[in-house]
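The following exercises concern the structure displayed below. Please inspect the sequence and the model before reading the solutions.

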Amino acid sequence: MTIAIVGVGETDYTFRDERPVGAMVLDAIHRALADAGLRPEDVDGFVSETYSTVRAAPVDEISQRLGVKDRTFSAQMSLAGSGIVGAPQLARLAIEAGLATTVVAYFGINLSANSGGPYAFHAHDASKVAFE
């Protein structure tokens, strides 16, 4: 069985994007599907990381707003960057197991929407404070 990443999508690079993360994720997914020559109804699976993205852009919301009719697989993997790095492997395993045929892996975060910008995102994190 051959499995491939067939589409990539991302939002425009901007200094400040006021949209909610869910809207940004949907924008990127639509671009990825267009890049792959696919439609939302072709999607039957989703993979993301377990912390920041799924709180701001839950798979149920993304699936519904995208118009997915038959979602047979969704999973979350690890935390933030490490979770999304492993997402293609998890998608591959789902496809090989027959749980899905077309899986969207997505990650979204809007650091510019926070007061203080990207530097304030982890300001409350004790390990960051201790490190600095």
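**Exercise 1: The chain as a whole**

From the N terminus on, the elements of the chain follow the order α-β-α-α-β-α-β-α. The model is predicted: local features need pLDDT of at least 70, side-chain atom pairs count only at pLDDT 80 or more, and totals for chains, interfaces and linings use all residues. Residues are numbered from 1 along each chain as its sequence is written, and side-chain values use heavy atoms, with hydrogens and water left out.

Task: State how many helices and strands the chain has, and what share of its residues is buried.

Solution. Step one: the chain has 5 helices and 3 strands, where helices (H or I, at least four residues) and strands (E, at least two) are DSSP runs numbered from the N terminus. Step two: 36% of the 132 residues count as buried, that is, under 20% relative accessible area, with exposed meaning over 50% (1.4 Å probe, protein chains only).

**Exercise 2: Helix H3**

Task: Determine which residues of H3 are buried, and why they lie on the same side.

Solution. Step one: within H3 (residues 59-66), the buried residues are Val59, Ile62, Ser63 and Leu66. Step two: they lie on the same side of H3 because they cover an arc of only 95° around the axis, taken from the directions from the helix axis to the C-beta atoms. Step three: the face turned away from this buried side carries the exposed Asp60 and Gln64.

Task: Identify what the buried residues of H3 pack against.

Solution. Their partners are helix H1 (21-36), strand E1 (45-48) and strand E2 (73-76), a contact being heavy atoms within 4.5 Å. Just after H3, Gly67 adopts a positive phi of about 95°.
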